[in-house]
Amino acid sequence: MNTLGEDAKNHGSAVGLSVDKITIRGGKPLVGRIELKGAKNLVTKAMVAALLGETPSVLKDVPNISDVNIVRGLLEVHGVHVSEGAEPGELILDPSNVEVAHFAAIDAHAGSSRIPILFCGPLLHRLGEAFIPDLGGCRIGDRPIDFHLDVLRTFGAVVEKLPSGIRMSAPNGLHGAKVELPYPSVGATEQVLLTAVRAEGITELKGAAIEPEIMDLINILQKMGATISVDTDRVIRIEGVKTLRGYTHRSLFDRNEAASWAAAALATEGDITVGGARQAEMLTFLNVFRKVGGAFDILEDGIRFYHPGGELNPVIIETGVHPGFMTDWQQPLVVALTKAQGVSIVHETVYEQRFGFVDALVDMGATIQIHKECLGGHACRFGQRNFNHSAVITGPTKLHGADVEVPDLRGGFSHLVAALSAEGTSTVSNVGIIARGYENFISKLEILGADFDLED
Ligand SMILES: CC(=O)N[C@H]1[C@@H](OP(=O)(O)OP(=O)(O)OC[C@H]2O[C@@H](n3ccc(=O)[nH]c3=O)[C@H](O)[C@@H]2O)O[C@H](CO)[C@@H](O)[C@@H]1O
Ligand SMILES: C=C(OP(=O)(O)O)C(=O)O
């Protein structure tokens, strides 16, 4: 992300959101039902996968979020024809006329998403060359791309660092390989999948990430004609094929958005039914939600999350790769933990700098200390490395209104939740960033009875 304000506005305007600030009068429980669409962390990759097909793909439940618009723009720059389908949230992606795009055009469309790096494998197969622009995504750590570049080189890609960015080519084609990731990176696993499916020969990936969004990407690639097996112990085998066809697919729901609204229900002492949420992909979250003192009912078409009354309990959470507690779930839940009776710990083991959002919560009256040590019980990659990656939250504290500025996507949602649960009035600015991953969040707040005003 560049300067926060500029970035936030870009995100908001990309989805028709013209506001920058929300003034929230807190202390009112959020109550009602909202509906989810597809997962930001699947839909955007599914759109890239369409590049691999010889025929058009149809993707359903695509949310109106700015990351989707960025990927759409990048596909269009490469000659993919993208149109709306018959049902709301349906996209038709026709890759019949894929063409080389100029670096400047790619850079202009890359925006602040991390997805452009996943275009490499498909574009190398289709066009023999690809460019990687400056990547965005939340600034919650260094977020290097070394695993991606190493993997692509192993497949036979030639990587050149030019003054304008990174250029990639495959003069001898791409070949299946044995690959082992040093850490089960979601993006690098997707890089391997999107490259190996059309590489010559067999790829064996060890140390793969196995998040539900990755499994759904595998579903899509299998529909396209790929042969992929997921073995035990994070091993994925891919048999490369010469051609793939388009797919028709309804995206997995956004489990990160579901967890955010669940935390909002708990922190505001409310009752929110999240239509489209499913139990299986949220098992770990649901266990923690219950331990904290939240209640949930699994419905046929969603999950009802509510505060059943009584006190909330402190917990110790370590974020981790699936099936662990997802790093994108902790921020709104930290707000609920400020209301728990006692000391909670959140040990962030996925990103080294993901507690930037807590300063605003402290300004609102929370008692949170951040430590460099690994406090969850296990040593992680960030221990002994000077990173503030463990949070100690002492409750219960009453939050009061304050003026706060959204630092990143999930941190931003946690600021909304804090303001909604606080006594008095808060102003949350830079809210456009939230549009990167939360579809229609302002209408959803309205539906749930939040008391707020919007400002440009
Ligand atoms: C668009 C998308 O799907 N974003 C998700 C994806 O991000 P993303 O795919 O970027 O996350 P990764 O799983 O790759 O990153 C995990 C860790 O690996 C490190 N790493 C990664 C790649 C690399 O080349 N070198 C390296 O060191 C990262 O810095 C980080 O510390 O998975 C994360 C972990 O579930 C989620 O929080 C993000 O919401
Ligand atoms: C970190 C996140 O996403 P991204 O990888 O797109 O920055 C997130 O969704 O919380």
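This is a predicted model: local features need pLDDT of at least 70, side-chain atom pairs count only at pLDDT 80 or more; totals for chains, interfaces and linings use all residues.
Residues are numbered from 1 along each chain as its sequence is written, and chains are lettered from A and ligands numbered from 1 in the order in which they are written.

The domain assignment gives domain 1 (4-36 + 253-455) and domain 2 (40-250), with bounds that come from an automatic or database domain assignment. Between them, 22 residues of domain 1 are in contact with 19 residues of domain 2, where contact means that the C-beta atoms of two residues, placed from the backbone, lie within 7 Å. On the domain 1 side, the largest share, four residues, comes from helix α1 (residues 4-14); helices here are DSSP runs (H or I, at least four residues), and strands are runs of E of at least two, numbered from the N terminus.

Turning to ligand 1, there are 21 residues around it, and N41, F147, S185, V186 and G187 come nearest, a residue being near if its C-beta atom, placed from the backbone, lies within 6 Å. The elements giving two or more residues to this shell are α6 (146-155) and α7 (186-196), and the shell draws at least three residues from each of domain 1 and domain 2.

Helix α7 also packs against helix α8 (residues 212-223), their axes coming within 11 Å and crossing at roughly 10°, with axes being lines fitted to C-alpha atoms, for helices over the stretch in contact, and angles running from 0 to 180 degrees between N-to-C directions. That makes α7 roughly parallel to α8, since angles under 35 degrees count as roughly parallel, over 145 as roughly antiparallel, 65 to 115 as roughly perpendicular and the rest as oblique. In this pairing, V186, T189, E190 and L193 of α7 meet I214, L217, I218 and L221 of α8.

A second pair, helix α2 (residues 40-49) and helix α3 (residues 66-77), has axes that come within 10 Å and cross at roughly 5°, so α2 and α3 are roughly parallel to each other as well. Here the contact is made by K40, V43, T44, M47 and V48 of α2 together with D67, V68, V71, R72 and L75 of α3.
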